[in-house]
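Me: I would like to go through this structure with you, one topic at a time. Please look at it first.

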Amino acid sequence: MTSQIAPPAPTGTPSTGYRLRWAGLAVILAAEVMDLLDTTIVGVAAPAVRQDLGGSDAQIQWITASYTLAFAVLLITGGRLGDLFGRKRLFVLGATGFTLASVLCAAAPGAGTLVAARTVQGLFAALLIPQGLGLIKAMFPPKELGAAFGLFGPILGLSSVLGPTLGGYLTGADWFGLGWRAVFLINLPVGLLAVFAAGRILPADRTDRPARAGRSTTGTGTGTGTGRIDPVGVLVLGLAVLLLVYPLVQGRELGWPLWTFLSMAASVPTAWLFTVQQRRVLRRGGTPLIEPSLFGKRAFVSALATGLVFFAALSGLMLVFTLHLQLGLGWTPLHAGLSMIPLSIGVVVGAVLSGALLAPRYGRRVLHLGMVLAAAGALGLWAAVDGADGLTSWRLAPALALAGLGLGLIMAPFFDIALAGVEESETGSASGVLNAQQQLGGSMGVALLGTAFFGWARTDGFGHAAGLTYGLVAALLAAAFVIAFLLPRQARPDGEGH
């Protein structure tokens, strides 16, 4: 039996938390910024890449898709690796690799090389991003977790605006003759800062001798076994995710050929095969990629269902908004990005109110309120764009601000409730699954709402299509509202959260 690298051991007591926890949170959020910028910034630069490097339509599409796919396939494995070998170690490794891959993207001599470098970026992002939730849970005392998770809302909102805006600016400004290559080099200073700061600020990993195979180091739940990653499980899980996410990423662009539906259908028996293989690993005293005990936790399972629908609505809203403004109204990427500022302001206000004041006291009710406001904002956008002549950014602003306020209110209670009952030995696995759920929900939202938008646009025009699609966003948020009743009322028993 080998030694296991356990989760970080913060300096401090459970009631006070790690001494440098807020500085550590800033490091984690810097990594989130890199990932979110990279997800949103590249699409704006795609036409310039095509003009400079050439390449087929498929290669240009894969500049974005290769990152998303590699990220989604390895996310759960990346989270589990943090459990086994230390979250700080994996965070530093992921941030270093992501930064170096960004330089490779900027230096790519051709479209094929750029796609390969983007794949490497996605793989290292899958090692980096899942460690954040686990590190936050380890560093912060229960009473501050809501406020810590609440800061993810502003980061999501600001990055969603900053990405397209910054991408359009850097590509057009052509600093030092770099052109589109600057959108990748922007990761260099942020990445170097994250690597340097992580080594000095994040809590150190520690080594513990695990309990007997099949027992948790915390004494509860199923355990970490031998502390070795399961290569067969990695391959089977990766194949299941690939069969599902690949057609979701590519299907809309290709017109949904038959093979896309066959691939998604094949992901179901492959996922079943993964569960069978994981049970066998556990019976033999090995280390499962996903802790089976997670799926016995009501809060976690309910959060997976709620988040899948919610992130589908969020991704679909962002996609349709930018497509309508640029394709339907002919606005520039910079104009479209600046028009989203009210959304970001709303997200910031909602997240601050939720994390610092409302979520610790009212729990699930804050999440429900956020979904109501976000749905009302989507319906407001429908009213603003459907059949409107002379649409302006100012006309969209009230509905965007209302939607942003609702989205911001949701962030803190969602992650807090989802991870509240998760043991330390399960946190990396849980974080990987939650991040994978976001990617899957986002891909489903883009596929469903993107297809609906373009289908309606062909017959009814972009304005009417955008309005109907915002109606679908509101319907998805209503479904998430109902599913959220399965969540516990509070992240933790009364008295622990405030």
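Me: Is Phe261 buried, partly exposed or exposed?

Reply: Phe261 is partly exposed, at a relative accessible area of 46%. Here buried means under 20% relative accessible area, exposed means over 50%, and partly exposed lies in between (1.4 Å probe, protein chains only). This is a predicted model, in which local features need pLDDT of at least 70 and side-chain atom pairs count only at pLDDT 80 or more, while totals for chains, interfaces and linings use all residues. Residues are numbered from 1 along each chain as its sequence is written, and side-chain values use heavy atoms, with hydrogens and water left out.

Me: What does the chain consist of in terms of helices and strands?

Reply: The chain has 18 helices and 2 strands. These are DSSP runs numbered from the N terminus, with helices (H or I) of at least four residues and strands (E) of at least two. Of the 498 residues, 56% are buried.

Me: How many aromatic pairs are there?

Reply: The structure holds 13 aromatic pairs. One of them joins Tyr67 and Phe71, whose ring centres lie 6.0 Å apart with 35° between the planes, a tilted arrangement. Rings of Phe, Tyr and Trp (its six-membered ring) pair if their centres lie within 6.5 Å; planes under 30 degrees apart count as stacked, over 60 as edge-to-face and the rest as tilted.

Me: Where do Tyr67 and Phe71 sit?

Reply: Both belong to helix H2 (residues 57–85), 4 residues apart, which is about one turn of the helix. Tyr67 and Phe71 are both buried. Trp256 and Phe261 also form a tilted pair, because their planes stand at 40° with the ring centres 6.0 Å apart.

Me: Which residues form an aromatic cluster?

Reply: Phe310, Phe311, Phe414 and Phe415 form one aromatic cluster.

Me: Changing topic: how many salt bridges are there?

Reply: The count is 4 salt bridges, each defined by a side-chain nitrogen of Lys or Arg within 4 Å of a carboxyl oxygen of Asp or Glu. Arg21 and Glu144 form one of them, with the closest N and O atoms 2.6 Å apart. That pair links distant parts of the chain, since Arg21 lies in helix H1 (residues 21–53) and Glu144 in helix H6 (residues 142–150), 123 residues apart. Arg21 counts as buried at 14% relative accessibility, and Glu144 counts as buried at 18%.

Me: What about Asp52 and Arg181?

Reply: Their side chains meet in a salt bridge at 3.6 Å, N to O. Asp52 lies in helix H1 and Arg181 in the loop between helix H7 (152–173) and helix H8 (182–185), so this pair ties together parts 129 residues apart in sequence. Asp52 is partly exposed, with a relative accessible area of 45%.

Me: Finally, where does H14 bend?

Reply: H14 bends by about 55° at Ser354, the bend being the angle between axes fitted to the seven residues ending there and the seven starting there. Buried residues in H14 include Pro342, Gly346 and Ser354. Gly363 follows H14 and has a positive phi, near 55°.
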